Amino acid sequence: MFGKLSENNAALKTPAAKPAAAKPAIASKAEAPTAAAARSGEISETYYETKATIFNALFETIDVSALAGMEPDRAREEIRTIVDEIIAIRNVRLSVSEQNQLIVEICDDILGYGPLEPLLARDDIADIMVNGAKHVFIEVDGKMEKTNIRFRDNQQLMNICQRIVSQVGRRVDEASPICDARLLDGSRVNVIAPPLAIDGPTLTIRKFKRDKLTLEHLVGFNSISPAGAKVLSIIGACRCNVLISGGTGSGKTTLLHCLTAFIHPDERIITCEDSAELQLQQPHVVRLETRPPNLEGKGKVTMTDLVKNCLRMRPERIIVGEVRGPEAFDLLQAMNTGHDGSMGTLHANSPREALSRMESMITMGGFNLPMKTIREMITGSVDVIVQAMRMRDGSRRITKITEVIGMEGEVVVTQDLISYEIEGEDANGKIIGSHKSTGIARPNFWDRARYFNLEKDLAEALDAAGS
């Protein structure tokens, strides 16, 4: 049988050693936990001991390198056949459902991400948070839930983390205990390992939905009104420079995805991210990703390096996944030198605070410029700030669409076009509110909308928002 080591068939009959006897070359795959708790609740220690015994016998029998070159379905069938043999020869007493469950878990351990597989398969989960081997939390519908999933020990969890980050050419260990990475579907991954994480490795995954959200979906979720969504679509189409501001988990990246959907297919777009998450649908997209230093501390490529290099790549729009440092200066210069329609996200609790953060990030870069000059650069570059917020009931709302008008003295002048007003809450604690126009009939980007023949649509959307 392909994938089976004939010289090791004795492992089917002899009792397996304890898990510590796994070969170093395949330790990351041999040491794997169970995912059954997510599907069937608490499981006894006897089940874990039985699984460990079968798992070790399996690893003495199969050729891991041969399995790696097989199609996933065929590899799973090979594993199933061998596990069935081991169970029969060792006379392990399991029900049919338990045996099928054990086989699925072992396949996940060898071919996938072990106990994380059932969570990654669910499309209703927004975040997966692993706090050491025994505590796994998920976020569903904006609420935190603890799962029954567990890892056998912290070493098992660390092996899974190393497997994830190695797929994108990164590493996590004691020498480099913090790592940002991504799954193959673009889901964002952060790992922080001991000694920095005291209670064991901590893994956080921000999952991406298989079906990308659109502005229509956000309207359905009451994140924005239909009229507000129309205004946002015009902002995306008429090449306004946009900053999306919000706290952690407020939906900034999702909103950025939605706005980029209105970019014309003929435009050349370059994205810069720490971990490549954005998956734009336009045909002409160049995706760039930062790089951490190597073992010698060399080879680091920062966001500032990427944004600077963008200017040599003939971009029409530059999209920065998250502005968090001195790259803010280069992004503003790009916005102000012919790259209209550029976008980025940053952490801030209000549009006014977003402007202050931009000032701070430019100052952090060591640019010795007067504050008035920095503010003039910001007002000359940024057209619109869209504020997103995660409400106390777990829902996400677009709370403000704000224009940056200009300067009065040394003060930046802004005006809100649409704002979200909380009106109360229902019997279930869900917040009730509405998006309302502030009465601005001709926003500052009116001429830009007219250039793209969108002024009529803009006028109708603002009228509808005010009614």
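A salt bridge is taken here as a side-chain nitrogen of Lys or Arg within 4 Å of a carboxyl oxygen of Asp or Glu. By that criterion the structure, which is a predicted model, holds 19 salt bridges.

One of them is formed by the side chains of aspartate 127 and arginine 206, with an N to O distance of 2.6 Å. This pair links distant parts of the chain, since aspartate 127 belongs to strand E1 (residues 125-131) and arginine 206 to strand E6 (residues 202-206), 79 residues apart. Aspartate 127 has a relative accessibility of 5% and therefore counts as buried, whereas arginine 206, with a relative accessible area of 22%, is partly exposed.

A second pair to follow is lysine 436 with glutamate 421, whose closest N and O atoms lie 3.6 Å apart. Here too the partners come from distant parts of the chain, with lysine 436 in strand E15 (residues 431-437) and glutamate 421 in strand E14 (residues 411-425), at a separation of 15 residues. Lysine 436 is partly exposed at 36% relative accessibility, and glutamate 421 likewise counts as partly exposed, at 37%.

Because the two residues are three positions apart in helix H16 (residues 446-451), about one helical turn separates aspartate 447 from arginine 450. Arginine 450 itself, at 42% relative accessibility, counts as partly exposed. Beyond individual pairs, salt bridges with shared partners join Glu139, Arg390 and Arg396 into one network.

Conventions:
Residues numbered from 1 in each chain as written. Predicted model: local features only at pLDDT ≥ 70, side-chain atom pairs only at ≥ 80, totals over all residues. Heavy atoms only, no water. Helix = DSSP H or I, 4+ residues; strand = E, 2+ residues; numbered from the N terminus. Buried < 20%, exposed > 50% of the residue type's maximum accessible area, 1.4 Å probe, protein only.
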